[in-house]
Amino acid sequence: MPTAPALTRYADLPALSGLMTGDEKHRSAAESTREVLWVLYDRVLDVSPETADDPDRDRFLLSKGHGPVPYYAVLAAKGFIDLATLRRWAAFDSPLGHHPDRTLIPGVEISSGSLGHGLGLGVGTALGLRAQGRPRPRVVVLMGDGELDEGSNHEAIAAAGRMGLDNLTAVVVDNSSATHGWPGGIDARFSAEDWQTRSAPGRDRSALYDALTRPHRGRPLAVVARVRPKG
Amino acid sequence: MTAAPPAPAPAVAAQPMRDTFADVVAAALDTDPRLALVLADISAGLFTDAARRHPDRVVNLGIREQLMIGVAGGLALTGMRPIAHTFAPFLVERPFEQVKLDLGHQGVGAVLVSSGASYDSPYYGRTHMAPGDVALLDSLPEWTVHVPGHADEVAPLLESALHQEGNVYLRLSERGNAAARPTGPGLQTVRSGSARSTGVAVAVGPMLDRVLAATEDLDVTVAYAATVRPFDREGLNRLVARAGQADVLVVEPYLEGTSAHEVAAALADRRHRQRSLGVRRDTEVRGYGTPADHDRAHGLDTAGIAERARAFFLP
């Protein structure tokens with residue numbers, strides 16, 4: 001099997017995206033998640049193609065399944081997806097579609113697309129790890145501020161806070177796309193339910209790393225990553 | 001035959017299916033560390049001791065049914081075998097997209113156990129009735145659907161569900177038949193018609209005693225199904241081949257015609273007639289009262305089944 005020998009760096013992500021989109025200077029709004037994804041896979045998550053089925057791996061759940069180009073690019077840079085596969089994205093028999101399918105791509109933890117499903121699945125994953133006595137793995141769910149409109153998230157936010165699921169992290173990429181906004185801030189929706197909350201500029205990799213890795217105990221962590229408004 | 005329709009007989013027996021479910025799950029949690037029970041307040045009182053023994057594997061999320069199914073999916077993603085339970089409308093209809101996406105589309109399985117059936121507690125009104133649950137699940141591939149007709153059928157069906165990997169729906173009711181029947185995967189013949197019989201009647205779960213009473217003066221084969229998905233197409237085809245006429249009446253305790261496409265597929269090799277009885281589709285029955293009132297309103301009491309069985313088999 002061919003692997004990605006050269007394109008493994010952060011600087012290679014635009015080129016990897018370009019293999020899918022045909023636009024090597026790809027800079028669309030869909031890339032609001034690029035830095036968060038890179039920091040997670042490069043420095044935070046303990047998972048690799050070799051450990052993709054290890055029960056003690058960290059889990060990354062892309063809840064906001066649309067705009068998956070930067071996700072596939074990061075997975076390619078980290079060796080989960082080969083370059084030939086990127087070139088065929090969205091073809092009928094390609095494993096890569098405009099929303100990811102976990103049954104088709106090694107290392108993809110959930111199939112997503114319809115908004116508001118990832119956090120519930122993340123709560124269940126965190127509870128499953130806890131029930132099996134696996135305290136080490138983290139469960140990180142990536143969401144969008146518009147996605148928070150879906151009421152299912154608020155069932156999950158409340159329950160996760162009440163149950164003190166400290167192995168669960170929600171990363172909310174906030175590009176101010178929610179039609180009716182979140183007056184008082186997105187953080188407030190989480191902190192009111194007893195989550196630890198932090199904010200970071202969504203393009204600042206060291207600030208994101210810090211927000212994702214500073215210790216927190218006894219409750220879940222929400223990191224709000226602010227990026228420029230959509231459009 | 002010209003005999004009058006049979007007199008209505010009490011053909012519904014009280015069945016403590018929910019209590020049986022709670023007993024079986026509580027015992028299974030003690031022995032199988034893969035099992036986890038997810039609740040949304042309903043029936044939580046039946047699992048107080050189990051929750052004390054297994055606080056990490058008996059999870060009551062409060063009144064959060066979308067989350068209940070999402071959590072079941074997440075538990076399954078970590079290799080556990082989740083059981084989710086509440087009243088049928090809140091288990092299947094309210095979180096249907098979670099059922100579709102958080103289980104099947106993720107490629108994982110759970111055991112969904114509902115209570116209340118189509119109208120076990122009709123004094124609560126339409127909000128607590130779910131005659132469309134099986135039809136909804138039937139829009140998704142690869143679900144196993146069990147509809148027991150007696151509390152003693154719950155344990156074997158549930159235990160098989162707990163030990164497999166796929167998605168299973170167990171539809172409990174507090175109303176069923178006087179005697180338990182074998183729960184084998186295929187149709188069980190309860191009464192055989194002659195070689196010149198007018199056809200086959202299939203009774204699903206709690207409908208069996210009523211169907212037996214309603215057809216007692218007809219020469220038909222009566223077959224019983226406690227498992228409707230996968231549907232025993234081959235078994236039905238064999239029964240029809242032995243009958244005098246290729247006419248099939250299916251009596252289901254949920255939306256009428258839910259299994260009509262299965263019967264059509266089972267008999268695709270021969271000219272045949274079929275008739276479906278179940279909860280009516282043409283109107284919303286706005287009534288409270290008792291389950292027996294609703295049986296009459298839907299023609300699912302013995303007299304209603306008998307009248308339509310006679311019209312179908314002896315046209």
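Two residues are taken to be in contact if their C-beta atoms, placed from the backbone, lie within 7 Å. The model discussed here is predicted.

1. On that criterion, chain A gives 23 residues to the contact between the chains, and chain B gives 26 residues. On the side of chain A that touches chain B, two or more residues come from each of α5 (118-131) and α6 (151-162) of chain A.

2. By class, the part of chain A that touches chain B holds nine nonpolar, eleven polar and three charged residues.

3. In chain B, five strands make up an open sheet with mixed pairing, and their order is β9-β11-β10-β13-β14. The edges are taken by β9 (188-191) and β14 (273-279) of chain B; each has a single partner strand, so one side of each is left without a neighbour in the sheet. On average, neighbouring strands of this sheet are turned by 25° against each other, direction ignored.

4. Within the sheet, strand β10 (residues 200-204) of chain B runs parallel to strand β11 (residues 221-225) of chain B, and five bridges join the two. Val202(B) has Ala223(B) of β11(B) opposite.

5. Two helices of chain B are to be considered together with the sheet. Helix α9 (residues 233-242) of chain B lies across β9, β10, β11 and β13 (247-255) of chain B, and runs at about 150° to β10(B). Helix α12 (residues 302-313) of chain B also packs on the sheet, where it touches β10, β13 and β14 of chain B. The direction of α12(B) makes about 150° with that of β13(B).

6. In chain A, a helix pair deserves a separate point. The axes of helix α2 (residues 34-44) and helix α8 (residues 205-213) of chain A come within 10 Å and cross at roughly 60°. That angle makes α2(A) oblique to α8(A). The crossing of α2(A) and α8(A) is right-handed.

7. The residues of this helix contact can be listed. From α2(A), Glu35(A), Val36(A), Trp38(A), Val39(A), Arg43(A) and Val44(A) take part, and they meet Arg205(A), Leu208(A), Tyr209(A), Leu212(A) and Thr213(A) of α8(A). By class, the residues of the contact of α2(A) with α8(A) comprise seven nonpolar, one polar and three charged.

Key. Residues numbered from 1 in each chain as written. Chains lettered and ligands numbered in written order. Predicted model: local features only at pLDDT ≥ 70, side-chain atom pairs only at ≥ 80, totals over all residues. Pairing = 2+ DSSP bridges. Helix = DSSP H or I, 4+ residues; strand = E, 2+ residues; numbered from the N terminus. Axes fitted to C-alpha atoms, helices over the stretch in contact; angles between N-to-C directions. Parallel < 35°, antiparallel > 145°, perpendicular 65-115°, else oblique. Left-handed = near helix turned anticlockwise from the far one by under 90°. Nonpolar A, V, L, I, M, F, W, Y, C, P; charged D, E, K, R; others polar.
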